[in-house]
Amino acid sequence: MNQEKRPYNKLVPIPFSQVKIDDMFWSKRQDVNQNVAIQHQYKKLEEANNIDNFRVAAKLRKGSHRGEFYYDSGVYKWLEAACYVLNQGKDEVLEKKVNEIVKLILNSQTDDGYINTFFSINFLEKRFSNTTFMHELYCAGHLIEAAVAHYNATGLKNLLDAIMKYADLIYSTFMEDKKKYPPGHQEIELALIKLYRLTNNIKYLNLADDFINRRGLDANSKIFILKQFLHLNSTLKESRKKGSINENENFFADLTLLERFKFYKSMLNGSCYQLRTPVREIRDPMGHAVRAMYMFSGMADLYSEKGDISLLKVLTHCWSKITERKMYITGGIGSIKGIEGFEKDYKLKINKSYSETCAAVGFLLWNWKMLQITGEIKYAEIIEKILYNSLLVGESLDGTKYSYTNPLESKGEYERQEWFPCSCCPPNIARTLASLGNYLYSTSENTLYIHQYIGSTLDCMIDGIHVKVNQESQFPWQGKVKLRISSSKNYNFNLYLRIPKWSQNTEIEINGEGYNCNSKPGTYLKILRNWSSDDSINISLEFQPILIQGNPRRKDIENKVCISNGPLIYCLEQGYNEAIDIFSLKIQEESTFSVIYKDNVLDGVNIIEGKISGEKKFRAIPYFVWNNRGPDEMRLWFDKS
Ligand SMILES: [Zn+2]
């Protein structure tokens, strides 16, 4: 079965295994990911006992489970990232680590197929008894994704067979034994559909379908959730006696009384975990943003397989609500600290953005799935926004420090960390950067879509014809892109080029001759022609600093502006602006800016300079590179003068 071509999708995505990234900007990020970040994360997963728990579960070492009940998921996301790297080339050191991790996972599996170190070391008798809070199914989902990546990278079936046995156990537990409560942290749904796409085993699709459709509470649910919460606390208490640590206390210590109240209220009424409402009745995206993104991704996958239009209606409605009313200018989502989740419409606050890095990863994933379903450019536009802003900001330029939350304003209190007690974000960025090639191209019958301008070579089949594309891009510093297209024989096919909304003036040349770009910004330019063996296209997108006006329906930014240039949002760090106070800076709406590329600043970036008064200037840097020289004051939205 073709894992990419789905029955109800308009587009067929081209997987990263057919796309080689060769880009002046992103190749460096991928190199750092492979050679620094993934190594760094492995070291941290060892230090924090995430990996060692598998040794204990495999009875290779005596001891107790250490760390949180969801620690296995960090290892799985790391493994998935590492397998994506191996899929694209040899790396013997990494391969050795992958083999070691796979062996540990296999050895930790119980005879009936179960894999989860927290429960198998401490509480095997309690397994599957608290799926509201204890993340077993969430961990299982990440394990499935890792196993699919491992099989695709190596062709080996050892891990895949093991997780199919585990997935079969989950199926018999939740379908045949009629355990009817839904997963409290979504992820298993999209993973099971991924497994179905690889194996063609319909029961994995049916189980995902059931998990998605069992959401929504009845009259007894509050008591059920309360019981699960008490069960969580007693299990954690017991686990601490056995040597586990628990970060929840630190998490709560950091919350105000009001934040705690909101957290408990939304947890007990089920809205925090999207348990309250059946999925087809969701009208307002609520609760924990990462969970919501994984749930919407799973629902999108389910639509792709079964074509249930009522699911698609909810998804498109929720997407519009989020992008119009609940999203930061960076593409970041999730703004309430306590629940790590969505605020009411237009109630975002600049100085309280949460915007977890994992939420950016999940949002990217969901947008990609929506793009394949609909072929609508709006999803590709948001993907670009996320990639260059809310995702990239989550990792330092050297790959060893991360941000869990991503503020849009700082008084110097934020600092990137090498690791967190809950380190969901670092390996989530790693797996996304390693599979970046996933997000660039799609096909549809006799059409090739170019969604993102990232230097790469692509090898694909369009309508049975072998087509190669070579893309050179000067993003995100300039708007020039060059495409070379060759096909195995002269052949008429459509090329759809995304004309970004931010490019008000786009020029196109085909084989050196001007081509009328009659497409509006924010649409695909459709070029149908008989492509010969060596055609070239030059794309020149308008790339200049502009001021984005704050949404008038949002009180916090209604009279403010921020600076953008192409796909990038810019900010000011005080350290780069010693002559001025960035918090009293006002920007003139008619300001003219100059853009200077500085290869010795922050690994090479465009700096935007603007005049204030007299000789005074401000210097803005791309948002994603802020906080790379230690904590600093930072600001992104400005009053107008
Ligand atoms: Zn995270």
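## Burial and overall shape

A residue is called buried here if 20 or more other C-beta atoms lie within 10 Å of its own, exposed if 12 or fewer do, and partly exposed in between, with C-beta atoms placed from the backbone. By that count, 50% of the 641 residues of the protein are buried. Keep in mind that this is a predicted model: local features need pLDDT of at least 70, side-chain atom pairs count only at pLDDT 80 or more, and totals for chains, interfaces and linings use all residues. Numbering starts from 1 along each chain as its sequence is written.

The C-alpha trace spans about 70 × 60 × 50 Å along its principal axes.

The protein has 17 helices and 22 strands. These are DSSP runs numbered from the N terminus: H or I over at least four residues for helices, E over at least two for strands.

Seven of the strands make an open antiparallel sheet, ordered β2-β6-β7-β8-β13-β10-β11. Strands count as paired if DSSP finds at least two bridges between them. β2 (19-21) and β11 (513-515) are the edges; each has a single partner strand, so one side of each lacks a neighbour in the sheet. Inside the sheet, β8 (residues 480-487) and β13 (residues 535-541) run antiparallel and share six bridges, and K482 has N538 in β13 as its bridge partner.

## Helices α15 and α17

Now for a helix pair. Helix α15 (residues 357-374) and helix α17 (residues 425-434) have axes that come within 8 Å and cross at roughly 30°. Axes are lines fitted to C-alpha atoms, for helices over the stretch in contact, with angles from 0 to 180 degrees between N-to-C directions. On the α15 side the contact uses T357, C358, V361 and L364, and on the α17 side C425, N428, I429 and T432.

## L387

L387 sits in helix α16 (residues 377-391) and counts as buried because it has 25 C-beta neighbours inside 10 Å. Leaving out residues up to four places away in sequence, L387 touches L364 and L392.

Definitions and conventions. Contact = placed C-beta atoms within 7 Å.
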